[in-house]
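Please open the model in your viewer and keep the selection panel at hand.

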Amino acid sequence: MNRQEKIDTLFEKSLKMFQEKGYDNVKVTDICSAVNITKPTFYALHLTKDDLLKHAFQADYDELDPSWYDKEPTDLIEAIVDGVEVVNNRAVSLGKDLIRAFLKINLTKASLDVSWNQPWKERMLWLIQQAKSQKLILNQADAEMILNECMLYNVGYALYFSTEPGVTLDRDTYRYGVRVLLNTPRSRNRADSEKEKETDRFNTEQDEIRKSPDDQSKPGFLFEFSMKGREQV
Amino acid sequence: MNQSERRPEIAGSKQQLYMDTALQLFLEHGYDDVSVSEICKVLHITKPTFYRYVQAKELVLVNAFEKMQKDVIKEVEQLMKHNQYKDALMYSLTLAHHAASTLGFELFAVYLRSLLSNEGTSWQYSPVLCRLMIESIAKLQQEGTIRNQADPKQIYHLLVHLSQGIAVGWCTEHGAFDLKEFYEKIAGSVLGFS
């Protein structure tokens, strides 16, 4: 096995073990013996047990159709919601126990370096900017900040989903939440047609889209929490 | 049976005293560096006495959070009586942030970790606060103060998720930014204040 093969096997095996026995009940020694390597070999790969769990939470964006990345979407808002939901789907599919373990290690050892998938991020920003320029999104923040807000929604949702007893994923409600965040005209109710004119005037005031300088600095946990993004609201 | 067990109001005030003293010690020395024995020493009580009123160390933080929530509800009710719905909403929204800033990121992270460690405990907003917030959102929509016209209940849920997500982020970043200010900005961008 070469280095990458070893790492891939470790990711795969450890996730199975975490899901079967619970994160806290799996020792590094157990993982090593399951993949027939020694503990020194494991550490020589510069991995920790936390890294293994962290990797499981990195959405592998394959769930998104390849056309999501390069085709003109028929519905921009749906495309944005799909992009946000992929991250949540990944977490939810791992189950409540692993979400809790993941949040706990984040709260113990700050800012795990989970980084965003770059093509995904670029596509998300493009979609948000398109939707903003077509006035499909009324959220007042710039694209980068809106993306941050979406990821914060995911973190909050993960906390709620994993701790609130008896909660099951209701996709419609989850997706509707993203729409409410974006503040899409579709998320409004009928009574609003009278306000339409007023909203249009409001739109023209805020269609300036600022592209924030690309900030590779500090990938955070599920979301990139850059100070720059914060100051730009 | 001793005096305090017969009289619930005394038991309650004793419990509060123990909780408050423990919290004060946590704030001064850090959660992990204060043992129950040390709390008892300061209070001049025995460990069994302490545990009779406070079943677990973590409950001190849960209690502090609930107490703050009660204070917030009182304030929000007052604001709503005077038709100050925007202030009422923003005040309730910053509840988590008020609690978090009072506790500091370390203690707040301990609180969140304890929620995550104990099955069946979650970070709930009280139903009263929930009702007040939804009412304020609906009023603000009618007044035209906020532009987001989604169902008030859905807006409420979104704001709670966002608020909790931000609080988690704040802890993982070791309190590196002003929580209240950040949240006000985000809530503003979502609600679309006119």
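**Stop one: the start of a helix**

Select A:N2 and A:Q4 at the start of α1(A), where a side-chain oxygen of A:N2 reaches to within 3.0 Å of the backbone nitrogen of A:Q4; a polar contact is here a pair of N or O atoms within 3.5 Å, one able to donate a hydrogen and the other to accept it within protein, with residues adjacent in sequence counted only if both atoms are side-chain atoms. This is a predicted model, in which local features need pLDDT of at least 70 and side-chain atom pairs count only at pLDDT 80 or more, while totals for chains, interfaces and linings use all residues, and side-chain values use heavy atoms, with hydrogens and water left out. Residues are numbered from 1 along each chain as its sequence is written, and chains are lettered from A, with ligands numbered from 1, in the order in which they are written.

**Along α1 of chain A**

Now extend the selection to residues 3-21 of chain A, which form helix α1; helices (H or I, at least four residues) and strands (E, at least two) are DSSP runs, numbered from the N terminus. At 1.5 Å a residue, taken times one less than the number of residues, these 19 residues should span 27 Å, and the end C-alpha atoms are 26 Å apart, which agrees.

Which residues of α1(A) are buried? They are A:I7, A:L10, A:F11, A:S14, A:L15, A:M17 and A:F18, where buried means under 20% relative accessible area, exposed over 50% and partly exposed in between (1.4 Å probe, protein chains only). These residues cover an arc of only 170° around the axis, which puts them on the same side of α1(A); the arc is that of the directions from the helix axis to the C-beta atoms. An α-helix has 3.6 residues a turn, so residues three or four places apart point the same way.

Turn to the other side of α1(A), where A:E12 and A:E20 are exposed. To see what covers the buried residues, show elements of chain A including α2 (28-34), α3 (39-44), α4 (49-56), α6 (76-94) and α7 (96-108). Just after the helix, A:G22 takes a positive phi of about 90°.

**Stop two: salt bridges around A:R175**

Next select A:R175, which is buried, with a relative accessible area of 11%. Its side chain meets that of A:E78 in a salt bridge (3.0 Å, N to O), the term meaning a side-chain nitrogen of Lys or Arg within 4 Å of a carboxyl oxygen of Asp or Glu. That pair links distant parts of the chain, with A:E78 in helix α6 and A:R175 in helix α10 (residues 171-182) of chain A, 97 residues apart.

A:E78, A:D82, A:E85, A:R171, A:R175 and A:R179 are linked in a network of salt bridges.

**Stop three: the nonpolar core**

Finally, show A:W120, B:F108 and B:W123, which have the most contacts inside the largest nonpolar core, a set of 143 residues; such a core consists of buried Ala, Val, Leu, Ile, Met, Phe, Trp, Tyr and Cys residues joined through side-chain atoms within 4.5 Å. Leaving aside neighbours within four places in sequence, B:W123 is in contact (heavy atoms within 4.5 Å) with residues including A:L159, A:T163, B:F65, B:F108 and B:Q164.
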